[in-house]
Amino acid sequence: MQLVTLYKYILTGLLAFGLMGLPAISHAQETAPAQKQTEAQTEPVQAETAPAIAAPSNVYDLDDPAIARALAQVKAADAAREQANQALADAVLSQRQEVKLDESAPENAPAKNSLIPTNAQDAKAAGKKLFDKAISWLTSPSFLAQIAAIALAYFLSPVLAKAVNKRASLFQNPPAKDAKLRIVRDYIYQSRNFLRAVMLVALLALFAIILKAVPMLGQDWLVKLAQGLAVVFLLFKAIKQFISNPLFQKAAIWIIIPLAVLMVFGYYDDFIAVLNNTELMTMAGTPITAMTLVRLVIFGSIFFKLGGISNTKGQDAIRAQETLDPSTREVAAKIFQILLFVILIVLVLGAAKIPLSGLVMIFSAVGLGIGFGLQPIAANFISGLIILFDRSVKVGDFINTADDQFGRIKAINMRSTTVGTADGKDIIVPNTKFTEDAYENWTHDSPLQRYEVDFGVSYDTDLDALVPIIMNAVLEHPDVLGEPDLPSVEFRSFGDSAIDMCVEFWCRGVDDGPNKFTSDVGFIIWRTLKAHNIEIPFPQRVVRNIK
């Protein structure tokens, strides 16, 4: 590719030089007759002056060696001048005839110097030229040495990779979970999969240095080309190995690999110059170019990826502080997240070389967007801050919204609140639901809850004896509390088939998941009634046949 580009530049230069010479040649053609006429007119003058110089032979000795040599040089110069004038005239006439032939040719005729053959003869000539070039390469020691270096590097790379893999302990076994520098050692262990590509790049670089140092060879362009392709292959393997996210993986392949190809073929600097010279807009007197957007995307991806990891680690560390109450921990975690987000924005803008005064324009655009269509997002964001600071809803509270969505608060995010239900589902509730609508918070002030279980007994039951029996049986449950009130057995109504009764009791926590308070108490009541032979009636209907 480099040779083709070099030949292209040479042909372009020759063509430009020829076009620049046409006006000079035309001018020479026009001045040639006048020059000849001038020479014809000056010849008699020279003829007249020549005897004048040679006339006074009685004064000058023409046999003097110095004068004889000077006269010989004058004659030789005159002969050379005449010969040069004749050659110039012949060249001008020949070129004029070629220009006339080119002008008389049809407009759709193919260019004479076209790289694509137009007939069998041109194709044969092009094939012969390529064959001669291939033969010259195959007979060139420098070209054959580069081919041998590439082949040697290709066959030696797996051998060296296998030897290094056997001798280096970091490549043999994965690091333990409690090992020091586990992340770094894990990356080293994973790099064993493309160790051959690393060795290939290293060997090609070494052979390029050796070939360049040998005087009789002195060329390494083919080895450099192979080394560049090996680097591209190495980058592809590394991206596939270390980037697991499909989106980031595709982005890296379509961005990093083309940049590596541009570096290999020497067009990277030109590409960077085009990006730097493409101005999109001006912000606070600073031009925003295409390179600015590229930096914004690259550094934004890097900083926000690291910011996501830092946010998770930081919030986990804040929530692990047992000395703080849960609501304070959540407020501190949210403030940490907001501050980290602001710092990341400043860092990304600085890395992209965008003036911080441009933040005024950005915030103006954000304010305009809020005014036109982002009011719900802004309202949810502000509502999230409000419920964090006034502690009306905290992580761990059990709530029941107006539309009968109930569960335990798992997380309060910037836009919404996550509510986990007893059946393992998550309900995403907008934060504005907790600032605009009514809802029940079962555990807002106290985790104590009162529950009740309904049951029925027959009309023949002694209710006065039944009350202490049921109350004592319910108290045997380990989760039933004696405070703030003891379990109470209450009379509800006279039913169609039974006396409707109810037992009320207090427990700590919410009746969901592992806390099956009402279910356990229902079993206790059923076993107690069975043990005391108290009838549990069921609806009965009497059918009479009237004749």
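**Results: fold, cores and local geometry of the predicted model**

Asparagine 533 is exposed, with a relative accessible area of 72%; exposed denotes over 50%, buried under 20%, and partly exposed the range in between, with a 1.4 Å probe and protein chains only. This residue lies in the segment after H16. Most residues other than glycine have a negative phi, and most peptide bonds are trans.

The model is predicted; local features need pLDDT of at least 70, side-chain atom pairs count only at pLDDT 80 or more, and totals for chains, interfaces and linings use all residues. Residues are numbered from 1 along each chain as its sequence is written, and side-chain values use heavy atoms, with hydrogens and water left out.

The protein has 16 helices and 11 strands. These elements are DSSP runs numbered from the N terminus, with helices (H or I) of at least four residues and strands (E) of at least two. Of the 547 residues of the protein, 26% count as buried. Among contacts (heavy atoms within 4.5 Å) between residues at least 6 apart in sequence, 58% join residues at least 24 apart.

The mean pLDDT of the protein is 75, and 80% of its residues reach 70 or more. Confidence is lowest in helix H1 (residues 2-54), where the mean is 41, and highest in H16, where the value is 89. Over residues 1-58 pLDDT stays under 50, and the model has 18 contacts beyond four places in sequence for this stretch. The pLDDT is also below 50 over residues 104-112, a stretch with one contact in the model beyond near neighbours in sequence.

The largest nonpolar core contains 21 residues, and those with the most contacts inside it are Phe455, Ile470, Val503, Phe505 and Ile525. A core of this kind is a set of buried Ala, Val, Leu, Ile, Met, Phe, Trp, Tyr and Cys residues joined through side-chain atoms within 4.5 Å. Two or more residues each are given to this core by strand E8 (448-457), helix H15 (463-475), strand E11 (499-508) and helix H16 (517-531). The largest share, five residues, comes from E11. Another core, of 18 residues, lies apart from the largest one and includes Ala197, Val201, Ala208 and Ala226.

Strand E11 pairs with strand E10 (residues 488-494) in the antiparallel sense over six bridges; pairing requires at least two bridges found by DSSP. A hairpin joins E10 to E11 through four residues. The bridge partner of serine 488 is glutamate 504 in E11. Cysteine 502 is buried, at a relative accessible area of 0%. Cysteine 507 likewise counts as buried, at 0% relative accessibility. The structure holds zero disulfides, a disulfide being a pair of cysteine sulfur atoms within 2.5 Å.

The loop between strand E9 (480-481) and E10 contains proline 484. The peptide bond from glutamate 483 to proline 484 is cis, with omega near 0 degrees. Aspartate 485 lies in the loop between E9 and E10 and, at 44% relative accessibility, counts as partly exposed. The C-alpha atoms of aspartate 485 and tryptophan 506 are separated by 7.1 Å, the two residues being 21 apart along the chain.

Serine 140 is placed in the loop between helix H3 (120-138) and H4. Serine 140 is buried, with a relative accessible area of 18%. Between the C-alpha atoms of serine 140 and leucine 217, 77 residues apart along the chain, the separation is 9.1 Å. Helix H4 (residues 141-167) contains serine 157, which counts as buried at 1% relative accessibility. Beyond four places in sequence, serine 157 is in contact with Arg196, Met199, Leu200 and Leu203.

The 30 residues of helix H10 (residues 290-319) should span 44 Å at 1.5 Å a residue, and the end C-alpha atoms are 42 Å apart, which agrees. The expected span is 1.5 Å times one less than the number of residues. The buried residues of H10 are Ala290, Met291, Thr292, Gly300, Gly307, Asn311, Gly314, Gln315 and Ile318. An α-helix has 3.6 residues a turn, so residues three or four places apart point the same way.

How values were computed
pLDDT = per-residue confidence, 0-100.
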